[in-house]
Amino acid sequence: MCLEMKEQQGGGVSVSNAPNLPFCGNSHMVTSAFHRKICVHCKCRREEHAVTAMPVEMEKTVTKLMYDFQRNSTSDDDSGCALEEYAWVPPGLKPEQVHQYYSSLPEDKVPYVNSPGEKYRIKQLLHQLPPHDNEVRYCNSLDDEEKRELKLFSNQRKRENLGRGNVRPFPVTMTGAICEQCGGQINGGDIAVFASRAGHGVCWHPACFVCSMCNELLVDLIYFYQDGKIYCGRHHAERLKPRCTACDEVDACHMKTHMPAHG
């Protein structure tokens, strides 16, 4: 049974009986370790509140996600420089190329350290890559069959759909390409984003590398490819499984008696 249901039956979780639960930016209670996905007070999602720092568990989740991707694919370059002014930079670029890439994005979405862009990035990491879509330990009270189902679901997505965009200049020796999102021209020398799972030469303008469902920039260039389209992790999972509105977990771990309990 998920925590939302337990609260409805038991009158809620108070600060006194859950002393280790931190508070969101609106002074409302959320949980550590991702076990609560909505605010106790106003029922909004965790990422809708003011978030000022990357949770340690989120850092571990993203690191593991990309390790699993790299283990299954060798087509994207993961070398490159780190520029201290940014909270994150695309791998494989020289400093001037990093600046060229970020100059193509809206200013408020560029993750300068301690900027609105960095807060936007953290919010999107929390929203686009729900840990409970991938790991059993972030889900609520799963039985053995549900745990096996979620592991199979997660591993298949990583193996068949997960990728990270590769930012690089479009070759000057070629005539150019058409952006997959907007249909506009990408000329030789322009910075473009390539997705190996989409096929050789398929590319996007940096500002066009967005989820096909929510149209948000794909955070840290992490995408899931399905039927000719790219998605963020959240919406790719929802193409395959329904998501519970009460606890935010996908159907892979809401089986048998758990799903009917949510209506």
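Which element gives the most to the lining of the largest cavity? The answer is α4, with 3 residues. The structure is a predicted model, in which local features need pLDDT of at least 70 and side-chain atom pairs count only at pLDDT 80 or more, while totals for chains, interfaces and linings use all residues. Residues are numbered from 1 along each chain as its sequence is written, and side-chain values use heavy atoms, with hydrogens and water left out.

The model holds 3 cavities of 30 Å³ or more; a cavity is a set of points on a 1 Å grid over the protein atoms alone where a 1.4 Å probe fits but cannot get out, and lining residues have an atom within 4 Å of a point. The volume of the largest is about 190 Å³, taken as the space filled by probe spheres set on the points, which are joined across faces, edges and corners. Its lining has 16 residues, and Lys 109, Leu 217, Leu 218, Val 219 and Asp 220 are the closest to the centre. Two or more lining residues come from each of α3 and α4 (116–128); helices (H or I, at least four residues) and strands (E, at least two) are DSSP runs, numbered from the N terminus.

Turning to the sheet, 3 strands form an open, antiparallel arrangement in the order β2-β5-β6, where pairing requires at least two DSSP bridges between strands. Because β2 (166–169) and β6 (203–204) each have a single partner strand, one side of each is left without a neighbour in the sheet. Strand β5 (residues 191–194) is joined to β6 by 2 bridges, and Val 193 stands opposite Trp 204 in β6.

Note on methods
On a 1 Å grid over the protein atoms alone, a cavity is a set of points where a 1.4 Å probe fits but cannot get out, and a pocket is an open set with protein on both sides within 12 Å along at least five of seven lines; lining residues have an atom within 4 Å of a point.
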